[in-house]
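This briefing goes through a predicted model topic by topic. Keep the sequence and the 3D view open while reading.

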Amino acid sequence: MPEKGPQVNEHSDAVRVDTQMLASQAEVLQGADAMARLRASEERFRAFVTASFDVVYCMSPDWSEMRFLRGKDFIADTMTPSRRWLAKYIPSEDQPQVLDAVGRAIATKSVFELEHRVIRVDGTLGWAHSRAVPMMSGDGAVLEWFGAARDVTEQKLAEHELRKSEERLRSAVEVGRLGLWDWNVATGEVYWSDEHFRLEGYGVGEVNPSYEAWTARLHPEDRAATEAALRRAMEAGEEYVREFRVVHPDGSVRYLYGRGRFFYDAAGQPIRMTGAMLDVTERREWEERQKVLVAELQHRTRNLLGVVRSMADKTARASTDLSDFRARYRDRLDTLSRVQGLLSRLKEQDRVTFDDLIRSELSAVAGVSERVELAGPTGVRLRSSTVQTLAMALHELATNALKYGALGQPSGRLAVTWSLERHGAEDKPWLHIDWRESGVDMPPSGVEPAGTGQGRELIEQALPYQLSAKTSYNLAPDGVCCTISIPVSLTTLELDEHA
Amino acid sequence: MPERSLRDRHILVVEDEYMLADELRCALGDAGGTVLGPVGTVPDALALIRREGRIEGAVLDVNLRGEMAFPVADLLVERGVPFVFTTGYDESIIPERFSHILRCEKPIAVDGIVGVLGRMVVGR
């Protein structure tokens, strides 16, 4: 090659000559042989460029004019010099970026290189990776730019898809609070995702992830079994699936659910394990609560059946005949049903209030009566365990009042008043209930009205026994007087005050 | 006349539901037993056991006002008093150490309990 011919100032291996170079060289070289060699060289060059690139192009020194472009099937050809190349090939929003890179290449007389979008033959957008080198004369002036480009559309779309899929995965992992690990079993090297650190109660990057750093956080009671399960999975080639507890530095205990998979070399040796874990503490707590509730429900149901049976026995003993039994028994069962109804309508933390209970019992027995006066604070909440026995007692009082007392006689009056007071050494709140009948024509003193036995027993025996209540039951000259005081739990009262 | 299988035997009844406690009291009394209690809370039951010199058998409800009655069971075991659990729960709620204790599921068959206790206290 002659020393003073046009030179490519760098990357001279990539593009050594073009047709014009060949023409100018032809002037220097003498003879038909030389010309023949040149033509052969040109043929090889064309073949090489055509095979290697999707696009070859040539630009004027200041890039204002495109001298030619061959674009195969990727982008349209430009066979005669054109100043409209930018609009023809580059989508308008990308033009500033392309011009910017062109400007830099011109200013430094160095390679233009850019990956940019292009308008394809069919009018759709594709991606090109384009490089152009300045061809310079001996005095360093740029004669023209020779460029070649590859269609990288598929590659870009694949990259884009990959990025999107990675983003989707990352976002799923983040939103799902999954802690990931990747354990090189052979070297002991471990990768943890940020969430993995947090799940184990570590600050992100606080420790070097390792098998030991994992076991250090395992709950002492779970450690042996959890490690054994891991070894079993490793040996059996099975998925590792396990729930275990970890203890954080602040002492809090969390339940984690982990799933992992081992990979083995050709000799069957475990070389790698990857997996993910999730905090399932809330689910565990919820399950525990459910278990307690189900057990409690069983307990109550079975006790209730016991109560129903013993109620049947007692009613049978106190009844004169079968129809008497039927009336009384149905009455009492109805009371129990009403109580269950009140209780079952409650949501968690809700309580039956005393005013609800007394109104429900009195209206069930006597309907609305102007002979009844109720006075006391609303919203006094009763423990669920209290409601049933108290309701039964109120029911017996109301039934007796209807049959023999204030609700059954024209001149009778019933006043039920209640109040909430704190007393005793522990300053516990008590609910005082005062049931006072008046204007009742009572049997001669010493003779108890018929049928009051069971009500009395409930008030004098069952309430003190079951609810630690203090009660009194008196047959005053003009009607029954009964007082019931029951301790109310502090939380019940507090809930009340905030309600 | 029921069989008086518990004649002169001192039987403790621990049950928080008045009606059930009362039913047991009557049935055990009918069988000739002397009923201790009934009591319906863990502290009352513990106090009664410590106070009584003579207890030959017991019926113990597993749940007393929401509290598990296992401390009472432990004290009975320590004293060598034979007893039966009455429970509305699954078996799983009762600790392993009481696996040899007979359980009567609620609603309990009162006559059955009286019979079981009768056999337990024979010869004591």
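Chain A holds 14 helices and 18 strands; helices (H or I, at least four residues) and strands (E, at least two) are DSSP runs, numbered from the N terminus. Of the 499 residues in chain A, 26% are buried. A residue is buried if 20 or more other C-beta atoms lie within 10 Å of its own, exposed if 12 or fewer, and partly exposed in between, with C-beta atoms placed from the backbone. Among contacts in chain A between residues at least 6 apart in sequence, 52% join residues at least 24 apart; two residues are in contact if their C-beta atoms, placed from the backbone, lie within 7 Å.

The model is predicted, so local features need pLDDT of at least 70 and side-chain atom pairs count only at pLDDT 80 or more, while totals for chains, interfaces and linings use all residues. Residues are numbered from 1 along each chain as its sequence is written, and chains are lettered from A and ligands numbered from 1 in the order in which they are written.

**The five-stranded sheet**

- An open sheet of chain A is formed by five strands in the order β13-β15-β16-β18-β17, with mixed pairing; two strands pair if DSSP finds at least two bridges between them.
- The edges are β13 (372-375) and β17 (470-476) of chain A, each with a single partner strand, so one side of each is left without a neighbour in the sheet.
- From one strand to the next, the twist averages 10 degrees.
- Seven bridges link β16 (residues 428-438) and β18 (residues 479-487) of chain A in the antiparallel sense, and Trp430(A) stands opposite Pro487(A) in β18(A).
- Helix α13 (residues 453-467) of chain A packs on the sheet and touches β17 and β18 of chain A; its direction makes about 170 degrees with that of β17(A). Axes are lines fitted to C-alpha atoms, for helices over the stretch in contact, and angles run from 0 to 180 degrees between N-to-C directions.
- β17(A) and β18(A) are also antiparallel, over seven bridges, and a hairpin of two residues joins them.
- Within this pair, Thr471(A) has Ile484(A) of β18(A) as its bridge partner.

**A second hairpin**

- Strands β9 (residues 240-247) and β10 (residues 253-264) of chain A run antiparallel and are joined by eight bridges.
- Arg242(A) stands opposite Gly258(A) in β10(A).
- Five residues lie between β9(A) and β10(A) in this hairpin, and Gly251(A) in the turn has a positive phi of about 90 degrees.

**Contact between chains A and B**

- The contact takes 19 residues from chain A and 18 residues from chain B.
- On the side of chain A that touches chain B, the elements giving two or more residues are α9 (281-318), α12 (384-404) and α13 of chain A.
- α9(A) gives the most to that side, with 13 residues.
- The residues on that side of chain A divide into six nonpolar, 10 polar and three charged. Ala, Val, Leu, Ile, Met, Phe, Trp, Tyr, Cys and Pro count as nonpolar, Asp, Glu, Lys and Arg as charged, and the others, Gly among them, as polar.

**Nonpolar cores**

- A nonpolar core is a set of buried Ala, Val, Leu, Ile, Met, Phe, Trp, Tyr and Cys residues joined through C-beta atoms within 7 Å.
- The largest has 77 residues, and those with the most contacts inside it are Leu357(A), Val14(B), Ala58(B) and Leu60(B).
- α12(A) gives the most to this core, with nine residues.
- Neighbours within four places in sequence aside, Leu60(B) is in contact with Val14(B), Ala69(B), Val72(B), Ala73(B), Phe83(B) and Phe85(B).
- A second, separate core of 22 residues includes Phe53(A), Met66(A), Ala132(A) and Met135(A).

**Backbone points to check**

- Most residues other than glycine have a negative phi, and most peptide bonds are trans.
- Trp63(A) has a positive phi, near 65 degrees, and lies in the loop between β2 (55-59) and β3 (66-70) of chain A. Trp63(A) counts as buried because it has 20 C-beta neighbours inside 10 Å.
- Ser468(A), in the loop between α13 and β17 of chain A, has a phi near 55 degrees. With 14 other C-beta atoms within 10 Å, Ser468(A) is partly exposed.
- The peptide bond from Gly37(B) to Pro38(B) is cis, with omega near 0 degrees; Pro38(B) is in strand β2 (residues 34-39) of chain B.
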